[in-house]
Amino acid sequence: RQGNLFVIGKQAEKRPDVVKRAHDEGHLIGSHTYDHPNFYLTPDSTAIESIEKGEAVIEGIIGEKPLFLRAPYGNVWPHQFKHFDRIFIHWTFHTFDWDKDDSQVIYEDIMKKASDGSIILLHDTRPATVDAVLKAIPELQAEGYQLVRVDELLTRNGDALRVGVPYRACEYEKGALIY
């Protein structure tokens, strides 16, 4: 199975082997900045510096600049989408798994909210999330869902991806959903 990893540059520096392995296995590696600044509270110049530094770290590990950016906290001012000149990935729904220790609660949230074309935000920082995802994947597949990289999802209807656009989902035969 291939997935999507949006990597914080500072963390990638600590574990370049994990980032490289994920890339080599075919996972999409996107940027989550260098140090996770809140764009609502950060001057644009500082946010861009964090974006570029994070991308440079990732590029040094995988040999290519990441095409996609997930803004920390999902916080982006409207002018920043165009100004930052990136393909932004948002999410259809958030499980708030980063604040939960109960894998069953996370699993139930995934199963309840999953829908065609959705992008589910999950984190790798808690074992409960890993357990929930490992339980949900085969059940989602049994229900007919295909789990794909976000670049495949967003282009599956023939849409061309554009910089400066925040993507949230892509329903089959309906096109990519932006903010």
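Me: Why does Arg156 count as partly exposed?

Reply: Gladly! First, a word on the source: this is a predicted model, where local features need pLDDT of at least 70, side-chain atom pairs count only at pLDDT 80 or more, and totals for chains, interfaces and linings use all residues. Residues are numbered from 1 along each chain as its sequence is written, and side-chain values use heavy atoms, with hydrogens and water left out. Now, buried means under 20% relative accessible area, exposed over 50%, and partly exposed in between (1.4 Å probe, protein chains only). Arg156 has 34% relative accessibility, so Arg156 counts as partly exposed.

Me: What makes Asp116 and Arg156 a salt bridge?

Reply: The term asks for a side-chain nitrogen of Lys or Arg within 4 Å of a carboxyl oxygen of Asp or Glu. Here the N to O distance is 2.7 Å, and the two side chains meet in a salt bridge. Asp116 sits in the loop between α5 and β6 and Arg156 in the loop between α7 and β7 (166-171), so the pair ties together parts that are 40 residues apart in sequence. Helices (H or I, at least four residues) and strands (E, at least two) are DSSP runs, numbered from the N terminus.

Me: How do you know that Asp109 is buried?

Reply: Its relative accessible area is 10%, so Asp109 is buried. Asp109 is one of the buried residues in helix α5 (residues 103-113). Asp109 also forms a salt bridge with Lys100, with the closest N and O atoms 3.9 Å apart. Lys100 is partly exposed because its relative accessible area is 22%.

Me: Why is His32 called buried?

Reply: With a relative accessible area of 4%, His32 is buried. His32 is found in the loop between β2 (28-31) and α3 (44-62). Leaving aside residues up to four places away in sequence, His32 touches several residues, including Phe6, Leu69 and Pro72; contact means heavy atoms within 4.5 Å.

Me: And what does the side chain of His32 make with the side chain of His36?

Reply: A polar contact, at 3.0 Å. That term covers a pair of N or O atoms within 3.5 Å; within protein, one must be able to donate a hydrogen and the other to accept it, and residues adjacent in sequence count only if both atoms are side-chain atoms.

Me: Is Gly144 buried or exposed?

Reply: Exposed, because Gly144 has a relative accessible area of 57%. Gly144 lies in the loop between α6 (127-142) and α7 (150-155).
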